[in-house]
Amino acid sequence: DTPARPSTPAPVAQVAAEAARRLAGGSMRTQPEVEASLHFTLGNVLTNAGVPDSARVQFERAYAGWRAVHGPVHPEVGRAAGMIAQTLVLKGDLAGAAARYDEAIRILSRTLPANDPSLLDAELRSAYVLYGQSRHAEAFARLAVVERRARTDASKRMREILGRALRMHGDLLTFAGRAAEGEPLLREAIATNRAVAGERSPDAIMGLQGLVYNLAMQDRRERLPEAARLGREMVALSREVFRDDPRNAANAYVRLGDVLARMDSLDAAEPLLRRAVELRVAVHGAAHPDVAYAQVELAKVSERRGRFAAAESLLVAARDGRRASLGARHPAVASSLRSLGQLALARADSAAAIPLFVQAAEIWREARLHGYALTDAMSGAQAARRTGRVALADSIVRVSLAADTGAVSPLPRARLLALEGILAEARERPADAERAWLRAHAVYDEAVRADPGIATERGQLADRLAKLYARLGRETDAASWRARGAP
């Protein structure tokens, strides 16, 4: 759920499409640089109108035109490559976007100063893509470089870029489960944006949205009252500043609704989330990613109230909207399938959950988001095990372990290997169980180095190995693993 730009009325998109058709007819062929600039402008209009495929056609024509006029290494060529990347992000093609951002940065860094806004903007946007590809360390390193460069220049434009970089850095740390690290960056982003343009500036309000979400995600109930207070301030500012742009008002409702739901104030959360859905449908129509996000949040409240049918209806609408707007194999569709699988489990319908988790894992895998694929494969296998379909569970595990080798975090793989051993034990295959658990323990060693908090899981696995060896009469091995077990 990303900060919104002011929406473009549909008639503007229609006018832009008509202008693009006329331009394609060759009316400006004798002025290639002007023609390229017009294609670029039309691409921006179509991007803001929510038609990235048409926008990409215009940016590709601008790119080709400027290359023909200036050669392959020129700032305009770099800017066009960056905008092509942005349209690919909107379509969920992160690999394609990363390649075009790399090209844009390579060109702009050769033709512009290191702190030029166009270069810094491309680097900022590319960091978001790197994060989406689970290349977290690279994303955070790139953001740190942008922040360092922006701090060398006290101009208003550089302060604006610094505020954006700090906000993105804080948001991504929050998404990565490192909310406590992200909080000071978000607070600095808000202070920076307010110093540049006042507390009613859109950037400052978006920073407030990020901070509210950050405090909620710290999973500490004592932080929720401050999150609610800031959320109400955010909603009031959004209503005042974005009164003609309901997209941003809806963002504020979603954030505050989420916080109130976490505080168990479901009566207060539900109307905010319902209003967010209504506003987003009014702006975008039913089939749009932002609508789907709000529907998922509202579904969570319905599920907690035991209204499973209402929750399912919302989640199905979100899935269908994402399919229609992003394509059937987009990662956001996988997220919807996961939510539907979790709802099926909440309804004690493990059989219905299995295909939902398996389909989600397949989509994550295609997008090379292997950590998510491993996680959903495990959920599907556990659901199959609960229904007594141990062979199916074993098949799901084996497929994922063979295919999902590119996960950045070792923890999902360690857990899936541990489950493989449990399934082998259930099928009375002690040698296979031993092999899987020894592999799992080695991967857990790596995971614990990154996060000591999961040492207990590793200890529980050691206990399983100790019990297995005891049953096999291998007392020396059993004693050795018992010593490594959970306290």
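A polar contact is a pair of N or O atoms within 3.5 Å. With that in hand, let's look around this predicted model, starting with one aspartate.

**Asp477 and its surroundings**

Asp477 sits in helix 23, which covers residues 475–483. Its side chain makes a polar contact with the side chain of Arg474, at 3.0 Å.

Nonpolar side chains tend to be buried together in soluble globular proteins. Here, the largest nonpolar core has 55 residues, and Met234, Tyr253 and Val259 touch the most other members. Helix 12 (residues 246–262) is the top contributor to this core, giving 9 residues. Leaving aside residues up to four places away in sequence, Val259 touches Val212, Ala216, Leu224, Ala227 and Ala228. There is also a second, separate core of 40 residues, with Ile354, Ile396, Leu416 and Ala433 among them.

| Core | Residues | Members include |
|---|---|---|
| Largest nonpolar core | 55 residues | Met234, Tyr253, Val259 |
| Second, separate core | 40 residues | Ile354, Ile396, Leu416, Ala433 |

**The second largest pocket**

The second largest pocket holds about 210 Å³ of space. Helix 18 (370–386), helix 20 (411–426) and helix 22 (455–471) are the elements that each give two or more residues to its lining. That lining divides into 6 nonpolar, 2 polar and 4 charged residues. Among the lining residues are Arg385, Arg415, Glu457 and Arg464, along with Met378, Gln382 and Tyr444.

Conventions: Residues numbered from 1 in each chain as written. Predicted model: local features only at pLDDT ≥ 70, side-chain atom pairs only at ≥ 80, totals over all residues. Heavy atoms only, no water. Core = buried A, V, L, I, M, F, W, Y, C linked by side-chain atoms within 4.5 Å. Buried < 20%, exposed > 50% of the residue type's maximum accessible area, 1.4 Å probe, protein only. Helix = DSSP H or I, 4+ residues; strand = E, 2+ residues; numbered from the N terminus. Contact = heavy atoms within 4.5 Å. Polar contact = N/O pair within 3.5 Å; in protein donor to acceptor, adjacent residues only side chain to side chain. 1 Å grid on protein atoms, 1.4 Å probe; cavity = no way out; pocket = protein on both sides within 12 Å on 5 of 7 lines; lining within 4 Å. Points joined across faces, edges and corners; volume = space filled by probe spheres on them. Nonpolar A, V, L, I, M, F, W, Y, C, P; charged D, E, K, R; others polar.
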